[in-house]
Amino acid sequence: MNSSRPISQLILCNIKASMREPEAIFWTYGFPLLMIVCLGIAFDTSAPQQQLVDVVDGLGSEQILEALSDDKQFRVFEGSEDEVLERLKRNRTQIVVKAAPDGSVEYFFDPTNPDARIARGIVDDTLQKAAGRADARPVTDETVTAPGSRYVDFLVPGLIGLNLMGGGMWGVGFSLVDMRIKKLLKRMLGTPMKRYQFLAAMVGTRALFFIPEAFALLLVAKLIFGVPIVGTIPAIILVAFCGMSAFAGLGLLAASRAQRIESISGIMNVVMLPMWLCSGVFFSNERFPAIMQPFIQALPLTQLINALRAVILEGQGIIDQAFPLIILAAWAGVTFLVALKIFRWN
Amino acid sequence: MDAVNGLDLIVEQGKCFGLLGPNGAGKTTTVEILEGLLEPTSGRIEILGRHWGQGYDDEIRQRIGMTLQETRFQDKLSVLEILRLFRSFYRNGIEPEEAISLVSLEEKSNAWVRELSGGQKQRLAVAVSLVGDPELLFLDEPTTGLDPQARRQLWDVISSLKERGRTILLTTHYMDEAEKLSDRIAIVDHGKVIALGSPRELIQQLGGDHVVEFSLERTSEQKAEVDNFLALSEVTHCVEELDEFHLTVQHPHLAIPALLAMTSERNWKLKHLTTRHANLEDIFVSLTGRHLRDE
């Protein structure tokens, strides 16, 4: 009789208890969907982005306004020097253009901001052409915005990865600390239940929870933003399963000694922050210096997102993604064994 | 600091053994060591013929049941779901439904834990301790914090378990609970056993079954002392507490006339006088000078 096995009973109870928390359901399923819709709209690249340009009022500014105002690429604001520099400081514009009576031009912008550097290039190009500069080499632009290579396509696997991380770690961590506070862990220790069974059920519960979660996200991404799903469903499930197990294991480890909700929150945030920043959820992690790459590549979220992108967008198979899958499985195995060793039951 | 030090106990099969003592006496520590949840720094524990940590832990756990102090089960699981979960941990045991009927929670079997009253939650904890059909049952302060009616209901549950021949180790700081449920009692204080025996034997240690309580008017010039009353032949113990004297006596019909004769001879005026049966609290007071539940 399968339903009387400790592991299946433990998983059943975990799932029932979670399904009866409406808030948990919202944070697991509703919130990631909202996030994907909001970010998808914010980063929608179907209309070209406008450059925000401020022009200092004064002698020579009319010519500049004339050259920029006709062009739809620019959204121009005109004001006194003090006013527009203040706007630049507050990030309300990307670049300030100041003309001198002799026809020369001064640009004010933040070179560490990529958008400002782009704006400077486009503004300068437009002004030089208006002043009579001719292109030395003839050029034709072919724009490519095929599904699969847009920003939103890049974003969706990243968000799925992020969501698996959050779900795995918070789901496991909070319920364990809650059970420890209730002295339920101690009570279970007083039964013949095996310790590994209990911890494995914790991981198993999360692994079962993720399937509807990941597919709801993929479906929304496909229906609203036309994100292509090239890979096979079993491949996607396997990758997500390995990722979820790695994060559930990390959650187990994080919660293995915490006695209070406050301490588990702190530990979780410390563990997750590097992955939020470095694992390439919102932008490619190639931007980080080479010296950091071994560390970044070892993070489970990096490998999960890489594998998800390869499988979902490029249709790669399991064999191609063996390396990230092995790293994820190693995270799951090591965290589980260490947690089993150091776990505090009372 | 050791919570428990040099505590020797033998619990007989098929009997209820009570550990009675005030809060902080080391009862819970003792029980948790016996349950294998805490490791003793030294000493020997034999449970059902086995020792902890010698490869038989699983076998011991299959054969014991327990309620801990203040375990809270998941709020949003039902009584039946929790019992099914715990039943799955044991090789042999009783059906969850049977455990529910043993503690008379049939009406609540599909209710979530958060809908249960304090007494019902405690009965659920007892039911959980029974699903493995244990030979030895540990009940750690099962009625603490319950109202009198809920306590009496739980006493009925525990009495019926005794009738079924289960060995029970009960801790409590209620002397009436220990007296009603236990066949043998150890009174513990500061981690040591200070008295051991059946409730009857313990009370007989005082030298009498009855307590005469009285107080005197404060007008007289010669103050009454404990020693005055101990001189009476019928009196075996005397305690003075808040201007009231408690005499332990075997025969009130002989002791009271002697007491009245003494008071009139010395010109002491009685303010009031009552008699009652001696209880375990009197033992604790006579041994420690304190009450079980000193605020």
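## A first look at chains A and B

Phe214(B) stands opposite Phe245(B) in β9(B), in a model that is predicted and where local features need pLDDT of at least 70, side-chain atom pairs count only at pLDDT 80 or more, and totals for chains, interfaces and linings use all residues. Helices (H or I, at least four residues) and strands (E, at least two) are DSSP runs, numbered from the N terminus.

**Chain B as a whole**

- Chain B has 11 helices and 10 strands.
- Its C-alpha atoms fill a box of roughly 75 × 45 × 35 Å along the principal axes.
- Domain 1 of chain B covers 16-198 and domain 2 covers 207-277, with bounds that come from an automatic or database domain assignment.
- The centres of these two domains, taken over C-alpha atoms, are separated by 42 Å.
- Of the 295 residues of chain B, 39% count as buried; that word applies if 20 or more other C-beta atoms lie within 10 Å of a residue's own, with exposed for 12 or fewer, partly exposed in between, and C-beta atoms placed from the backbone.
- Two residues are in contact if their C-beta atoms, placed from the backbone, lie within 7 Å; among contacts in chain B between residues at least 6 apart in sequence, 71% join residues at least 24 apart.

**Strand β7 of chain B and its partners**

- Two strands pair if DSSP finds at least two bridges between them.
- Strand β7 (residues 210-216) of chain B pairs with β9(B) (residues 244-249) in the antiparallel sense, over 6 bridges.
- β7(B) also pairs antiparallel with β10(B) (residues 270-277), over 7 bridges.
- Within β10(B), His272(B) is the bridge partner of Ser215(B).

**A sheet in chain A**

- In chain A, 4 strands form an open sheet with mixed pairing, in the order β2-β1-β3-β4.
- β2 (74-79) and β4 (105-108) of chain A are the edge strands, each pairing on one side only.
- On average, neighbouring strands of this sheet are turned by 25° against each other, direction ignored.
- Strand β3 (residues 95-99) of chain A runs antiparallel to β4(A) and is joined to β4(A) by 4 bridges; Val96(A) has Phe108(A) as its bridge partner there.
- Helix α4 (residues 81-89) of chain A lies across β1 (51-56), β2, β3 and β4 of chain A, running at about 155° to β1(A); axes are lines fitted to C-alpha atoms, for helices over the stretch in contact, and angles run from 0 to 180 degrees between N-to-C directions.

**Arg75(A)**

- Arg75(A) sits in strand β2 of chain A.
- Arg75(A) counts as partly exposed because 14 other C-beta atoms lie within 10 Å.
- Neighbours within four places in sequence aside, Arg75(A) is in contact with Gln50(A) and Leu52(A).
- The C-alpha atoms of Arg75(A) and Gly173(A), 98 residues apart along the chain, are 48 Å apart.

**Nonpolar cores**

- A nonpolar core is a set of buried Ala, Val, Leu, Ile, Met, Phe, Trp, Tyr and Cys residues joined through C-beta atoms within 7 Å.
- The largest has 95 residues, and those touching the most other members include Leu164(A), Met202(A), Ile82(B) and Ala127(B).
- Helix α6 (residues 151-181) of chain A gives the most to this core, with 15 residues.
- Another core, of 46 residues, lies apart from it, with Cys16(B) and Val249(B) among them.

Terms used: Residues are numbered from 1 along each chain as its sequence is written. Chains are lettered from A and ligands numbered from 1 in the order in which they are written.
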